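Please keep the sequence and the model in view while reading.

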Amino acid sequence: MLSTRRLTWKIGEVAIVDHVSIDLAEGEFLAVIGPNGAGKTSLFNLISGLRRPTDGSVTLAGHDITRLAPHRRARRGLGRTFQSSSVFGSLTVAANVRLAVQARRGGSVRPFPLPRADRDIAERAERVLWRVGLDHRAGTLAGTLAHGEKRKLEIALLLAGEPKVLLLDEPMAGVSAEDVPGLVALIKTLTRDERRSVLMVEHHMDVVLDLADRVAVMHHGALLICDTPDVVMADRTVQEAYLGEKL
Ligand SMILES: Nc1ncnc2c1ncn2[C@@H]1O[C@H](COP(=O)(O)OP(=O)(O)OP(=O)(O)O)[C@@H](O)[C@H]1O
């Protein structure tokens with residue numbers, strides 16, 4: 001579904017992402033881990049189009065998307081959440097999702113209302129909110145949501161774009177311990193039930209081991225290993241890469 005080949009991003013002579021080749025199958029869950037500064041977010045930036053690679057390629061469903069702008073990649077089914085929140089805090093939860101649905105449909109600001117189209121958008125937004133379990137929060141100002149709910153809203157914004165591949169950048173960041181299982185369950189259904197492919201950067205190893213079919217480990221920009229969680233956890237080079245850090 002998604003592949004990178006020798007994907008590289010250099011700043012001067014320093015390779016921030018260094019010849020990374022990964023393959024993500026349909027319905028597969030691949031977690032990307034690595035010590036701080038390993039290049040995980042930079043890899044996501046190259047895949048989502050925020051940065052242009054110095055070398056290498058990215059293909060989505062067989063099409064080379066290496067030179068496509070981020071919004072074009074999104075149109076082709078590549079969705080991304082960010083470490084920092086992309087939610088409009090002063091709008092309601094429902095309004096946030098309606099905007100995302102409208103953006104997906106190529107909606108621009110219209111000089112006159114089209115009630116039918118607006119109704120379609122509102123219905124789609126309602127379905128997405130129900131899907132992530134936030135329907136009861138539709139009228140709440142997004143800025144007042146707790147962290148766990150805000151993460152769910154970010155996933156809702158992503159789902160509004162109807163992505164085939166989701167890039168999740170630290171979806172558990174800032175989420176309180178009691179909200180983690182609910183969020184993990186939601187993310188699990190995205191792959192297991194809906195056959196979406198997920199690439200996730202996450203520091204919480206218990207979450208990674210619970211969700212991931214395979215784990216890719218980055219170190220100094222390069223891919224150390226990409227294998228099943230059992231194999232990765234037992235690997236000596238992985239343990240050495242994390243020396244001095246908690247795995
Ligand atoms: N625009 C930039 N200019 C200069 N250096 C950069 C830039 N972006 C990233 N880097 C450097 O590249 C390295 C990798 O950064 P990146 O954020 O991709 O790592 P990461 O694995 O996501 O780290 P973390 O787990 O801390 O989020 C770091 O040393 C960082 O300082």
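Which residues are linked in a network of salt bridges? R131, E194 and R196 are the residues joined in this way, where a salt bridge is a side-chain nitrogen of Lys or Arg within 4 Å of a carboxyl oxygen of Asp or Glu.

## Basis of the description

The model is predicted, so that local features need pLDDT of at least 70 and side-chain atom pairs count only at pLDDT 80 or more, while totals for chains, interfaces and linings use all residues. Residues are numbered from 1 along each chain as its sequence is written, and side-chain values use heavy atoms, with hydrogens and water left out.

Helices (H or I, at least four residues) and strands (E, at least two) are DSSP runs, numbered from the N terminus.

## Salt bridges

The structure holds 10 salt bridges. Within the network of R131, E194 and R196, the side chains of E194 and R131 meet at 2.3 Å, N to O. E194 lies in the loop between α6 (180-192) and β8 (197-201), and R131 belongs to helix α4 (residues 115-131), so this pair ties together parts that are 63 residues apart in sequence. E194, at 27% relative accessibility, counts as partly exposed, and R131 is partly exposed with a relative accessible area of 24%; here buried means under 20% relative accessible area, exposed over 50%, and partly exposed in between (1.4 Å probe, protein chains only).

A salt bridge also joins the side chains of D23 and R5, at 2.9 Å, N to O. This pair links distant parts of the chain, with D23 in strand β2 (residues 14-24) and R5 in strand β1 (residues 2-11), 18 residues apart. D23 is partly exposed at 36% relative accessibility, and R5 is partly exposed at 38%. In a further salt bridge, the side chains of R137 and E149 meet at 3.1 Å, N to O; R137 lies in the loop between α4 and α5 (147-160), E149 lies in helix α5, and the two are 12 residues apart. R137 is partly exposed, with a relative accessible area of 27%, whereas E149, at 17% relative accessibility, counts as buried.

## Packing of α3 and α5

Two packed helices are described by the angle between their axes and the distance between the axes. The axes of helix α3 (residues 93-104) and α5 come within 8 Å and cross at roughly 25°, where axes are lines fitted to C-alpha atoms, for helices over the stretch in contact, and angles run from 0 to 180 degrees between N-to-C directions. The helices α3 and α5 are therefore roughly parallel to each other (angles under 35 degrees count as roughly parallel, over 145 as roughly antiparallel, 65 to 115 as roughly perpendicular and the rest as oblique).

The crossing of α3 past α5 is right-handed; a crossing is left-handed if the near helix is turned anticlockwise from the far one by less than a right angle, and right-handed if clockwise. In this contact (heavy atoms within 4.5 Å), V93, N96, V97, A100, V101 and R104 of α3 meet L153, A156, L157 and A160 of α5.

## Packing of α5 and α6

The axes of α5 and α6 come within 10 Å and cross at roughly 15°, which makes α5 roughly parallel to α6. The crossing of α5 past α6 is left-handed. From α5, the residues G148, R151, K152, I155 and L159 meet L183, L186, I187 and L190 of α6.
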